[in-house]
Each structure stands twice: as structure tokens, then as C-alpha cells.
Amino acid sequence: MELGKEQEKAFIESKQLLKSASVLVHFDPKKKLILACDASPYGLGAVLSHKMDDGSDKPIAYTSRTHASAEKNYSVLEKESLGGRVIIPHPGREAMLNELHQGHPGITRMKSLARSYIWWPGMDNDLELTVVNCYSCQENRKLPAEAPLHPWEYPSHPWSRIHIDFAGPFMNKSFLIMVDAFSKWIDIHVMNSTTSEATIAKLQQTFATHGLCDLIISDNGAAFTSKEFADYVKSNGIEHRTSAPWHPASNGCAERAVQSFKEGMKKIKEGTIQEKLNRFLFSYRITPQTTTGLALSEFRRDNKKQKHYHDKKSVNRQINVGQGVFARNFAIGSKIKWIPGEVIKQSGPLSFHIKLQDGRVIRRHIDHIRVRNFDCTNNENEEKCDNDSDLFEPEITIPISTPETEQPQIEKPSNMTEQMEPRYPKRIRKEPSHLKDFVLK
């Protein structure tokens, strides 16, 4: 419905009249108060009035507002009750804050209680300041919300940063656990003692295998904060950082490794502590990691990179069975570096069996084999190849009977034999028991 000019003028005059002194009265603490509320689906209004001596109601103040999105779902009675809170003037607010704070119920409960009965502009902020400035509340409050995670920077290369921690007592033992942050490689040592001296000894053992790292992260245990440990890492040029006290998550890489270690060890039921540890490490290191997609054993060896740099200076060579070659002579005390022979078998991609002129057979890698471009059986080359008296080849791989031709006497060590011991015991074959009643042909 649209209002005309006369109606619009009357509406404005009515609003001004409602706010005028001829209609409104001043608040009188001796007179009875009346609060009248009404609500619609979209908003609510309220009138605070005095009960006058002649029985009439005189308004003191008016208020109205729209509903919040949540308040629109309230029932009509609940909507009308939103205008039922008492507005506290400034002089009485401090007393109300003290009343609400009795018993130190905390910010949440104070707000909930206050919102049910009273209101003034900025009430929630005043309630929060009351609790914040209370020494007893601050002294006994809970931990604040956890800060966002700040992960360690991912290292640029393996064995740059390692995280270390002790696990135990576990299975009546203590264990020193070391984790490479780059590859997640784990080294675990059984510890009889957790002193700085024992810890340094295990670090030296690990560093002898993998080399020195750049940075060690540990907690604040006595073994890691001693002067002896500080002197050791400083003398080896290793930076040492400790996690925040009582905050294991700062050394989360080691903590996670400890958890995985304990879970894995509990699942292995048989064997000694060391046998269980070996099985756990074997299983862990051959399993591809989610961060790299590679098994730790493969990652630590870094075969692809190693092959790339090695092959830059390598030369492809072809050696064939039946080909005349020279094989590297590793005989102790011999002046001859290469001895002639013939390739009789290829035992691997780069490994060959070579039969020497005296009938012996040796095995050599292709890097220790050269192609022979002349025949040692020719008279003109006989002198070149006649060097048996200087040969001493202890590495016999295939036993071959010595020719009946006279050969120089070569002194051999006592541990050499003409025939090799079989690798496995001979298998005894028996007929199956369920066939004993049959005649087998």
C-alpha cells in the first residue's frame, strides 16, 4: 500500500509526537515498570512504561530491531522474550560484572548467564575484559588453542638433517632411534645405557656408515644437553638444535619413528630383541615410502644417480664366448699383470669364466678383461705368452683336471684344493611311502 502526501505527513507527526515530552515521562524508581513486547516473523518491538497514579500507562522508551537469521526460527513466545532483557545503565554495570563473575565461571558461562537477563552496548567485550584482568582466572585457565603447524623445511639432500630420540624402557631395553628427514631412513641401536658417552658411541657408529650430517634435532634429554655431547657435535661441525621443552611435536619426525618402531616390534612374536629389531628394520627399509615413492634401501644407495655419473666415463665393450682374451692377474708378487686365456662361459651380465693355458679356470669382471688380438699358440708369440712360471692364480671357480703335460711347479697356499667343496649337501632321494605297494619302472 502506498501512502499519499497527507498520510505520510500524519505518520511523521505521529512518530514525533510519540517521542515528545507530552507523551514520554521520565524514569521514576518509585513507580512500577511495565514492559510490553511484540514480535513478527521479521522483527520485534518493545515499550517500557510507568504505571501512573491514575492507573494509566505512560511510556518511558521505545525500541525495535529486526531478527537475526537464527532468531527467525524461534517461536513467537521466544521472539517476544528477546525484548525482555533489562538494559543496565552505565553506573550499574560494574556491579553487575562483579555479580556475574562470582565463582569465576569463565567467559562462556558468564556470557550465557548475562544474555538471559541483561544487556548494554559492548557487554560481551566488558565480560571478556573482566575475566582477562582476573589473576585467579588467568592462573588456572586451560591451554590456548594449538598454533597452526609449522613443518620443518624439507632438506635438499639425504643425511642433511637427522632427528634422534630414545625409545624406552621398551621390552626391558632402551633404544636410540635416528631418522633422516630427507629419505626417512631409520637407524636403531639397542642401548645398555643412555648416557652421553653411550649415545656418542652409537652416533659414531652410524656416521662411520653414512657420513656426518649437517644438523641434529633432539629433545632436551640429559644425554643431548650435556657439555660432552655439545663438545662432540661442535668438534665435528654439526649443528645441534633441541625442541621446545615438553612439546614432543617439535621433534615429530623422531616421535613418529618411535611409534612405528614400537608397533612393529610388538607384532613380531619370535626371536631375541636383536632378531626382532633386524626383522623390523629389514621390513621397514624395503617398503616404499609415501614421501619419496622409493624403498629406503633403494633410496639410500641412489643407484640411478650413481649409474648416471659412472656411465659418463664408461665404454661399452662386447666379450663373446670362445674369444681369446687377457685376464687381469691378481697373483701376489707376480710382475705380470695380464695372462692369456679363452672365454668359456658368461656367468653374469658383466662376469665371465676364462680358461687359462694351463687348464685352470678363473672368473673375472669385464673391467678386468682385455681382448687378445693374437694367438698365443703361434711360434712367433710363444715367447710372449710363456709366462706360466710367474703365474699364481688362487681364484679357481670351475675345477678342471690339469693336463698331463709337464707344468712348472707352482707353490700354492695350504687352503687351496684341486676340487671345490659342494655348496649344498647331496640330496638323498627316497621313494614316496604311498607307492611302496607298487612296482616302479
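**Figure 1. An open sheet of five strands with mixed pairing, in a predicted model.** The strands of this sheet follow the order S8-S7-S6-S9-S10, and their pairing is mixed. At its edges stand strand S8 (186-191) and strand S10 (239-242), each of which pairs on one side only. Neighbouring strands of the sheet are turned against each other by 20° on average, direction ignored. Helix H7 (residues 196-210) packs on the sheet and touches strand S6 (161-170), strand S7 (173-180), S8 and S9. The direction of H7 makes about 145° with that of S8. The structure shown here and in the legends below is a predicted model.

**Figure 2. The parallel pair S9 and S10.** Strands of a sheet pair through backbone hydrogen bonds, either parallel or antiparallel. Strand S9 (residues 215-218) and S10 run parallel and are joined by four bridges. Which residue in S10 is the bridge partner of Ile216? The partner is His240.

Figure 3. Ser174 lies in strand S7. Is Ser174 buried or exposed? With a relative accessibility of 18%, Ser174 counts as buried, because the limit for a buried residue is under 20% relative accessible area. Leaving aside residues up to four places away in sequence, Ser174 touches Ala167, Pro169, His189, Val190, Met191 and Thr194.

**Figure 4. An open sheet of five strands with antiparallel pairing.** In this sheet the order of the strands is S14-S13-S12-S11-S15, and the pairing is antiparallel. Strand S14 (361-365) and strand S15 (369-371) stand at the edges. Each of these edge strands has a single partner strand, so one side of each is left without a neighbour in the sheet. From one strand to the next, the twist averages 45°.

Figure 5. Strand S11 (residues 324-328) and strand S12 (residues 338-348) run antiparallel and are joined by five bridges. Arg328 has Trp338 as its bridge partner in S12, and Ala327 has Ile339 as its bridge partner in S12. S12 also runs antiparallel to strand S13 (residues 351-356), to which six bridges join it. The bridge partner of Gly341 in S13 is Leu356.

**Figure 6. The packing of helices H4 and H5.** Two packed helices are described by the angle between their axes and the distance between the axes. For helix H4 (residues 107-117) and helix H5 (residues 123-132), the angle is about 145° and the axes are 10 Å apart. The crossing of H4 and H5 is right-handed. On the H4 side, the contact involves Ile107, Met110, Lys111, Ala114 and Arg115; on the H5 side, it involves Met123, Asp124, Leu127, Glu128 and Val131. Sorted by class, the contact of H4 with H5 has six nonpolar residues, four charged residues and no polar ones.

Figure 7. The buried residues of H5 are Met123, Leu127, Thr130 and Val131. Why do the buried residues of H5 line one face of the helix? Seen down the axis of H5, they fall within an arc of 95°, so they line one face. Thr108 lies in helix H4. Thr108 counts as exposed, because its relative accessibility is 64% and the limit for an exposed residue is over 50%. From C-alpha to C-alpha, Thr108 and Leu127 are 9.4 Å apart in space, while they are 19 residues apart in sequence.

**Figure 8. The packing of helices H10 and H11.** Helix H10 (residues 252-267) and helix H11 (residues 273-285) pack with their axes 10 Å apart, at an angle of about 115°. Their crossing is right-handed. H10 contributes Ser260, Phe261, Gly264 and Met265 to the contact, and H11 contributes Ile273, Lys276, Leu277 and Phe280. The residues of this contact comprise five nonpolar, two polar and one charged.

**Figure 9. The whole protein, as a setting for the close-up views.** The protein has 14 helices and 15 strands. Of its 441 residues, 29% are buried. Among contacts between residues at least 6 apart in sequence, 50% join residues at least 24 apart.

Key: Residues numbered from 1 in each chain as written. Predicted model: local features only at pLDDT ≥ 70, side-chain atom pairs only at ≥ 80, totals over all residues. Heavy atoms only, no water. Axes fitted to C-alpha atoms, helices over the stretch in contact; angles between N-to-C directions. Helix = DSSP H or I, 4+ residues; strand = E, 2+ residues; numbered from the N terminus. Left-handed = near helix turned anticlockwise from the far one by under 90°. Contact = heavy atoms within 4.5 Å. Nonpolar A, V, L, I, M, F, W, Y, C, P; charged D, E, K, R; others polar. Pairing = 2+ DSSP bridges. Buried < 20%, exposed > 50% of the residue type's maximum accessible area, 1.4 Å probe, protein only. Arc of directions from axis to C-beta.
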